There are 2 protein chains.
Amino acid sequence: MEGLLQCPANYVPLTPISFLERAAFVYGNKVSIIYGNTRYTWRQTHERCLKLASALTRLNISRGDIVAAMAPNVPALYELHFAVPMAGATLSALNVSLDEHALTIILHQLRPKIIFVDSELVQLVSKVIHNKNNTHLLENHHDHQPLLVTIRDVSLDRQTQWDLEVREYEQTVAMGESDFQAMGPTNECDPISVNFTSGSTGTPKAVAYSHRAVYLNSLGLILRYNMGKSPVFLWTVDMFRCNGWCFTWAMAALGGVNVCIRNVSAKIIFDSVQLHKVTHLCGKPTILNMIADSPPVEQKPLPSVVDVIIAGAFPTNPVLKRVQELGFNIVYGYGMTEALGPALIRPWRSSQHHHHDDDGNDRDDHNLKCREGLHNITLEAADVKDPTTMQSVPSDGETIGEVMLRGNTLMAGYLGDAEATQKAFSRGWFRTGDVGVRHTDGCIEMKDRAGDAIVLGKEVISTLDIEAILSSHPKVKEVAIVAQNDVVAGQVPCAFVKLKEGKCSNAEEILEFCAEQLQKAAMVPKTVRFGDLPMNSTGKVQKSVLRERANAIEKQCP
Amino acid sequence: MEGLLQCPANYVPLTPISFLERAAFVYGNKVSIIYGNTRYTWRQTHERCLKLASALTRLNISRGDIVAAMAPNVPALYELHFAVPMAGATLSALNVSLDEHALTIILHQLRPKIIFVDSELVQLVSKVIHNKNNTHLLENHHDHQPLLVTIRDVSLDRQTQWDLEVREYEQTVAMGESDFQAMGPTNECDPISVNFTSGSTGTPKAVAYSHRAVYLNSLGLILRYNMGKSPVFLWTVDMFRCNGWCFTWAMAALGGVNVCIRNVSAKIIFDSVQLHKVTHLCGKPTILNMIADSPPVEQKPLPSVVDVIIAGAFPTNPVLKRVQELGFNIVYGYGMTEALGPALIRPWRSSQHHHHDDDGNDRDDHNLKCREGLHNITLEAADVKDPTTMQSVPSDGETIGEVMLRGNTLMAGYLGDAEATQKAFSRGWFRTGDVGVRHTDGCIEMKDRAGDAIVLGKEVISTLDIEAILSSHPKVKEVAIVAQNDVVAGQVPCAFVKLKEGKCSNAEEILEFCAEQLQKAAMVPKTVRFGDLPMNSTGKVQKSVLRERANAIEKQCP
């Protein structure tokens, strides 16, 4: 059409840098960050990020470069989420629990020009970088070793040895200029960050996010969790996990308060909630266990309801109940690194929460939450499809298919692995690999993670369904169900059970409970093993390890 | 960076059509539209829009075509906001109060292929189309007269004469197929709609919006007005005004309830609020006058607080006070058609609402609202600049400059007028033409609409400032201040005053009040004239007419 124009006045690349610029203007005097005795306002945070971006430019960071950071949820890591893209570069926040071997692999993949490291982790990172075997691996594109910048922490009692030749974070901020012109992306689809999937199987993948994706996902999150009114956000989710599920940027969009913490414990949660009037926190379900199991003396009354957004393995009913009784409102998300964190509200399975709907029918939270909305507003579509025909499964709550997503809030791809990217996005949809069904009301229910489901002839059994029931057994603390090969049936369920402290049980008791509670006989495990469950660094049960054990058992006892 | 991919799985053009598709899936059984006895669910609305889009395609609508509509806020006009872009075309919703002359000019500009017309307006539109003088003007690009489709209304008592040869809306919907594949934009910057500015001066301009802009603005609106929890929206703002300020699309994003109405009155507002538990309504400040002046018998108690979003001329303090007492929460927006409606929260001037801030200082709502945020989250920047140097004015609350905006939620341009578009967007900013200042806390205050300010040597006086004070006079119902030429001072203020019914006053009394209340002597009008104020079709005082009168007076009485 004639007369229309696309120009800098009406087309600005979507980037969360805009959120910070606006926050400095609109919420300038409001508190942005609280960390111990440190407090910043949004104007200060903006100024510090500009200075840091300016300093990065002086340290030869330019477009296309990667800056890595390895630190707990301290203010510096928050600032890097803005400063690095303001210098035109891409941030990779690394898991603080990586060991020497894993860190070496990841740094080799990233080849960062600069690594910002928390003082407690400097020794580890130095060791990796100065290991002679790694020298060649770690040279970045400019044939230099990455520059180390230490993030010192005044709150730490035991100070680590200081290598005076190592650059320091605050000194670096101080060398920058606050009138720096933020660069931002030339194209909104340029990458802003790289996050590593902890994936239950195989080697970690480098998942890149675009400026456009994280901008839109931040808005989608705010709307999804109804965070409109000056939220106070307690940083219990790691910023290295999907950039703190994009809450790093979303908090700037809202001008909310970031309560930064080094470690997560029930005491810290209760103390922070009471002191700073926290409204939201999120993370792994283990947070709920922490809260539920905390000694009553630590459980301070909440000033008002606190929304807790959880994603990962499903918590047990007693834990859910206890945490709700303490005044927390739990919302359950389903997502993955490739979808920038939780992208769907995951339906409740708990049978403990019944409500009456408008029609007077008794509905459990499952359906109630479904009606509240499923996929986030900025994700264009979520479906369950036959991965071969790409047809949607019927909405019968039974036919199993693959959960697939499509939309602007998905990753830009796997860095350095075009083949894996192509495969993940084949035929117009992101393949989660997860198994699910579609209910009659249209809602999606995730049944099992990729590769975990048990295949019994034509029937597919969800290990999560069995775990949900078994975890409600009064003596059971944790449970994992995996597929065990079976000559007759193909695969059968095998249960690994960790009992609560001081509790005693045996296979007969567990199996009897299963037979009573489970819908189908085929869901009852054929074997029960007791003991600790193997976890990976993100707190996920390593089902691949258990599958090996289950099948080793089979060989031992034929 | 290598390995990344932009493909249909992770890049979807931003369009509000996604909102409707998601609403059908996520809020399928929730009510979408209430109109008299008519109710639809989101699944039904989606299906009806698909059928209508399919029918439009059968009627030869294709990409780049314009479909016009002239109707009050009935469900059909709501549906057209989705169905027309779903057929790949652009919607132009026309002002229902256009006269034959204005409609002829606008249709000539648009050349729509189809015009949807409310049954009450069919005669007018037919007359324009069948006027032999217009035949040539109205031929569209395919050398056909536009097709008329009548929107019949079962709620109307007096049925207009039916021309059996004229196509009818419901028949048109019925001829479409619900399995139609929605088209959407090929590029998210393609136009979705054209809205005409009623502009206080000159001829109306055809303002085009892009899919991207309205998608983002819808999310920005929801966040700005904190509409997260299943809102019930009463349609008191015309859908032909910036597409109902983009609330047409925003309501689909939220899965809220649209309460459609043909006319706006205090009785209809109170009845609807009580019956449907309305949570939000918006529009011109005259809505507030309507509510404040309604007979007590009509003023039903509100089930809960109703948010009223207002933009336009500033309401008087007594009206504000009365409406707030009745339970409405008033939010004041500042914007224009080119910014897709209200883009900034406009500060309060009222001195009646005082609050204590965190520092214990007494602040009026003005400052309080500023701190709540100024420009919407999806608008990248708002500033006050010297239009020649393009430098920001100092934040001193005094230095006057031009209010300028920049961001993705601005128009795509003026349809068919590349020159006007270039001018409006020159040097990277949208020029509002409005005069404003920047306060010490960074907040922008609009001082006067383009061309209305009074220039006294180097000083610029805001007519809005004088009007705000004068409208608080107990005998004054409406007031308008315009510039009157003066040999000595250059320009001086001239007041046009409409008194309340049954009240008597004279120039001396008014001027004495002004001298007491106004900050500067130069703000006191030199002349006062009593009587009705001339209004344009959108309820704005026609200051250009008053300026002519003021200067004619001068000539008569030298």
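This briefing describes how two chains are arranged, how they meet, and how selected residues are placed. The model is predicted. Chain A can be superposed on chain B with an RMSD of 0.1 Å by a turn of 180° and a shift of 0.0 Å along the axis. The two copies are thus related as by a two-fold rotation axis.

**Interface between the chains**

- Chain A contributes 72 residues to the contact, and chain B contributes 72 residues.
- Of the interface residues of chain A, 100% are also interface residues in chain B, so the copies meet through the same surface.
- About 5500 Å² is buried between chain A and chain B, and carbon and sulfur atoms give 62% of this area.
- Within chain A, the residues that lose the most area to chain B are A:Met1, A:Phe25 and A:Ile377, which together account for 13% of what that side buries.
- Two salt bridges are found across the interface of chain A and chain B.
- A salt bridge joins B:Glu188 to A:Arg212, with the closest N and O atoms 2.8 Å apart.

**Nonpolar core**

- In soluble globular proteins, nonpolar side chains tend to be buried together.
- The largest nonpolar core of this model comprises 206 residues.
- The residues with the most contacts inside that core are A:Phe116, A:Phe247 and A:Leu405, together with B:Phe116, B:Phe247 and B:Leu405.
- Beyond its neighbours within four places in sequence, A:Phe116 is in contact with residues including A:Leu52, A:Leu56, A:Val67, A:Met70, A:Ile151 and A:Tyr169.

**Helix 5 of chain A**

- Helix 5 of chain A spans residues 122–130, and its buried residues are A:Val122, A:Val125, A:Ser126, A:Val128 and A:Ile129.
- Viewed down the axis of helix 5 of chain A, these buried residues fall within an arc of 160°, so they line one face of the helix.
- The face turned away from the buried side of helix 5 of chain A carries the exposed residues A:Gln123 and A:Lys127.

**Two buried residues**

- A:Cys242 belongs to helix 9 (residues 242–245) of chain A.
- A:Cys242 has a relative accessible area of 5% and is therefore buried, the cut-off being under 20%.
- Not counting residues up to four places away in sequence, A:Cys242 touches A:Asn195, A:Tyr209, A:Thr337, A:Leu340 and A:Gly341.
- A:Cys242 and A:Ser294 are 52 residues apart in sequence, and their C-alpha atoms are 28 Å apart in space.
- B:Asn217 lies in helix 8 (residues 211–224) of chain B.
- B:Asn217 is buried, with a relative accessible area of 2%.
- Leaving aside neighbours within four places in sequence, B:Asn217 is in contact with B:Trp245, B:Cys246, B:Leu340, B:Asn376, B:Thr378 and B:Thr409.

How values were computed. Residues are numbered from 1 along each chain as its sequence is written. Chains are lettered from A and ligands numbered from 1 in the order in which they are written. This is a predicted model: local features need pLDDT of at least 70, side-chain atom pairs count only at pLDDT 80 or more; totals for chains, interfaces and linings use all residues. Side-chain values use heavy atoms; hydrogens and water are left out. A nonpolar core is a set of buried Ala, Val, Leu, Ile, Met, Phe, Trp, Tyr and Cys residues joined through side-chain atoms within 4.5 Å. Buried means under 20% relative accessible area, exposed over 50%, partly exposed in between (1.4 Å probe, protein chains only). Contact means heavy atoms within 4.5 Å. Helices (H or I, at least four residues) and strands (E, at least two) are DSSP runs, numbered from the N terminus. Copies are superposed by least squares on the C-alpha atoms of residues with pLDDT of at least 70 in both. The arc is that of the directions from the helix axis to the C-beta atoms. Buried area is the accessible area (1.4 Å probe) that two parts lose on being put together, summed over both. A salt bridge is a side-chain nitrogen of Lys or Arg within 4 Å of a carboxyl oxygen of Asp or Glu.
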